[in-house]
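The sequence and the model are shown below.

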Amino acid sequence: MKLDSAEIAGKTETRGGLESVASPKSGRALCEALRLYAVTDRHWLNGRTLVECVEQAIDGGATFVQLREKDLDEDSFLNEARALKKVCAERAVPFVVNDNVMIAKEVCADGVHVGQSDMACLEARRILGPEAIIGVSACTVEQALLAESQGADYLGVGAVFATGSKADAESVSFETLKAICSAVKIPVVAIGGISAGNVHELKGSGIAGVSVISAIFANDDIRAATKILAGKVAEVF
């Protein structure tokens with residue numbers, strides 16, 4: 001099922017009895033929500049469902065969830081988004097969709113995360129409305145300032161370490177990460193290759209949180225791995 005932007009823009013904010021969780025739009029609340037940001041990856045499922053994996057991640061201490069799907073067809077993506085929206089809403093954890101603004105609108109997600117080659121922040125805001133959380137990827141100060149000026153609520157900056165999860169990820173130095181954090185007033189989340197073993201290296205950069213994929217979802221015991229990572233993250237912030 002292909003979702004049309006004009007059709008989606010006029011839809012209400014309730015789907016199947018699920019209303020959007022009150023989004024943590026204030027600075028402090030959003031910073032706290034972004035502390036341990038889990039990004040899904042079905043390549044690590046190993047026979048488990050994505051819902052099961054996300055439940056375990058939240059139970060272990062994940063504070064924010066992004067559904068990232070690069071290969072699913074539209075119907076499967078939509079169904080997965082609905083299921084994860086329910087899980088996150090029940091646990092009062094913000095839920096955003098990567099790239100696909102129409103899916104985010106259809107399932108009443110708390111927001112969307114867009115990259116430099118995806119829909120512009122201004123257009124995403126027009127479709128999702130003022131209360132949606134909109135994150136934008138950036139790897140330079142210029143990109144960060146532009147995203148902030150267009151109404152982004154937070155930035156995802158990286159890759160701060162080498163990563164195999166995103167083949168096209170650009171490298172961002174600690175100095176650039178720190179410069180971006182100093183240049184903008186919105187929260188910054190570091191992304192790319194972050195683990196319990198290296199997260200301490202980001203201390204002093206000014207970030208509000210870390211975004212991880214394999215550090216959570218590549219583990220057999222996702223709950224335990226997330227709990228360990230959450231403890232290391234707490235030492236940084």
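Does Tyr154 count as buried or exposed? At 1% relative accessibility, Tyr154 counts as buried, a term that means under 20% relative accessible area, whereas exposed means over 50% and partly exposed lies in between (1.4 Å probe, protein chains only).

The model is predicted: local features need pLDDT of at least 70, side-chain atom pairs count only at pLDDT 80 or more, and totals for chains, interfaces and linings use all residues. Residues are numbered from 1 along each chain as its sequence is written, and side-chain values use heavy atoms, with hydrogens and water left out.

**The chain as a whole**

The secondary structure comprises 10 helices and 10 strands; these are DSSP runs numbered from the N terminus, with at least four residues for helices (H or I) and at least two for strands (E). Of the 237 residues in the chain, 51% are buried. A contact is defined by heavy atoms within 4.5 Å. Among contacts between residues at least 6 apart in sequence, 66% join residues at least 24 apart.

**Strands E3 and E7**

Strand E3 (residues 36-39) is covered on both faces: Leu36 and Ala38 lie on one side, Tyr37 and Val39 on the other, and all are buried. Strand E7 (residues 133-138) is mostly covered, with six of its six residues buried. Ile133, Gly135 and Ser137 point one way from E7, and Ile134, Val136 and Ala138 point the other way.

| Strand pair | Bridges | Opposite residues |
|---|---|---|
| E3 and E10 (residues 209-212) | three bridges | Ala38 and Val212 |
| E7 and E8 (residues 154-158) | four bridges | Ser137 and Gly156 |

Helices connect several of these strands. A crossover is right-handed if, with the strands pointing away from the viewer, the path from the first strand over the helix to the second runs clockwise. E3, helix H3 (residues 50-60) and E4 make a right-handed β-α-β unit. Another right-handed β-α-β unit consists of E6, helix H6 (residues 121-128) and E7. E7 also forms such a right-handed unit with helix H7 (residues 141-149) and E8.

**The ring cluster**

Rings of Phe, Tyr and Trp (its six-membered ring) pair if their centres lie within 6.5 Å; planes under 30 degrees apart count as stacked, over 60 as edge-to-face and the rest as tilted. By this rule there are three aromatic pairs. One of them joins Phe64 and Tyr154 edge-to-face, at 6.0 Å centre to centre and with 70 degrees between the planes. This pair links distant parts of the chain, with Phe64 in strand E4 and Tyr154 in strand E8, 90 residues apart. Phe64 is buried, because its relative accessibility is 0%. Ring pairs link Tyr37, Phe64 and Tyr154 into a cluster.

**Glu69 in its loop**

Glu69 lies in the loop between strand E4 (64-67) and helix H4 (74-90). Its relative accessible area is 8%, so Glu69 is buried. The side chains of Glu69 and Arg42 are joined by a polar contact of 2.9 Å. Such a contact is a pair of N or O atoms within 3.5 Å; within protein, one must be able to donate a hydrogen and the other to accept it, and residues adjacent in sequence count only if both atoms are side-chain atoms. Not counting residues up to four places away in sequence, Glu69 touches Arg42, Leu50, Phe77 and Glu80.

Terms used. Two strands pair if DSSP finds at least two bridges between them.
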